Amino acid sequence: MLKAVYPGSFDPVTNGHLDIIKRASAMADTLIVGVCGNPNKQSLLTADERVELLREVTKNLENVEVMEIEGMLGEFAKEQGANVIIRGVRDISDFINEFQRAIINKQLTGDVETIFLAASPENITLSSSAVREILAFDGNLDMFVPEAVKAKLKAKNEREG
């Protein structure tokens, strides 16, 4: 039985993330989408909001669970009984960063492997940072995020703007 964790900040979840989730869920018996913070970024959405949105956009994927990750990824994966970490990569710089993390996770856990999934061509340039920038200028998000995410971002932007 393959149990995998796909971690990320998902701030916000994009169509690129959703593509990786769908593809990874087709390979795993159980896929845990793990929402974690990034200490190097100021979040647009709270962890609870990100978990809620991910649950909404993955509700039709029966083998997907969404959880918040507190602490180290490798420890979380082992606690959940996961034997694989899934990472999406868009380009060589993503791969280099993710490869280094994979080695560290392997050293810390001993037996949790990392599988890299290349971004689909239509998502190569897509990032949460780009979505936040488009949102800041009230741009069209239709191509970049699921409808539920777009609605949440627009509502949040109107409240805070």
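This is a predicted model: local features need pLDDT of at least 70, side-chain atom pairs count only at pLDDT 80 or more; totals for chains, interfaces and linings use all residues.
Two strands count as paired when DSSP finds at least two bridges between them. β4 and β5 run parallel to each other and are joined over 6 bridges. One place to look is V84, whose bridge partner in β5 is E113. To get from β4 to β5, the chain passes through α4, and this β-α-β crossover is right-handed.

Keep α4 in view as we turn to the largest pocket. The space in this pocket comes to about 1,100 Å³. Its lining is made up of 42 residues, and those nearest the centre are P7, G8, R87, E98 and R101. Several elements give two or more residues to this lining: β1 (3–8), α1 (15–27), β4 (84–89), α4 (92–109), β5 (113–118) and α5 (128–136). Which element gives the largest share of the lining? That is α4, with 8 residues.

Finally, have a look at the aromatic side chains. A pair of aromatic rings is described by two things, the distance of the centres and the angle of the planes. The structure holds 3 aromatic pairs. Are Y6 and F10 buried or exposed? Both are buried. Elsewhere among the aromatic residues, one cluster brings together F95, F99 and F116.

Definitions and conventions
Residues are numbered from 1 along each chain as its sequence is written. Side-chain values use heavy atoms; hydrogens and water are left out. On a 1 Å grid over the protein atoms alone, a cavity is a set of points where a 1.4 Å probe fits but cannot get out, and a pocket is an open set with protein on both sides within 12 Å along at least five of seven lines; lining residues have an atom within 4 Å of a point. Grid points are joined across faces, edges and corners, and a volume is the space filled by probe spheres set on the points. Helices (H or I, at least four residues) and strands (E, at least two) are DSSP runs, numbered from the N terminus. A crossover is right-handed if, with the strands pointing away from the viewer, the path from the first strand over the helix to the second runs clockwise. Rings of Phe, Tyr and Trp (its six-membered ring) pair if their centres lie within 6.5 Å; planes under 30 degrees apart count as stacked, over 60 as edge-to-face and the rest as tilted. Buried means under 20% relative accessible area, exposed over 50%, partly exposed in between (1.4 Å probe, protein chains only).
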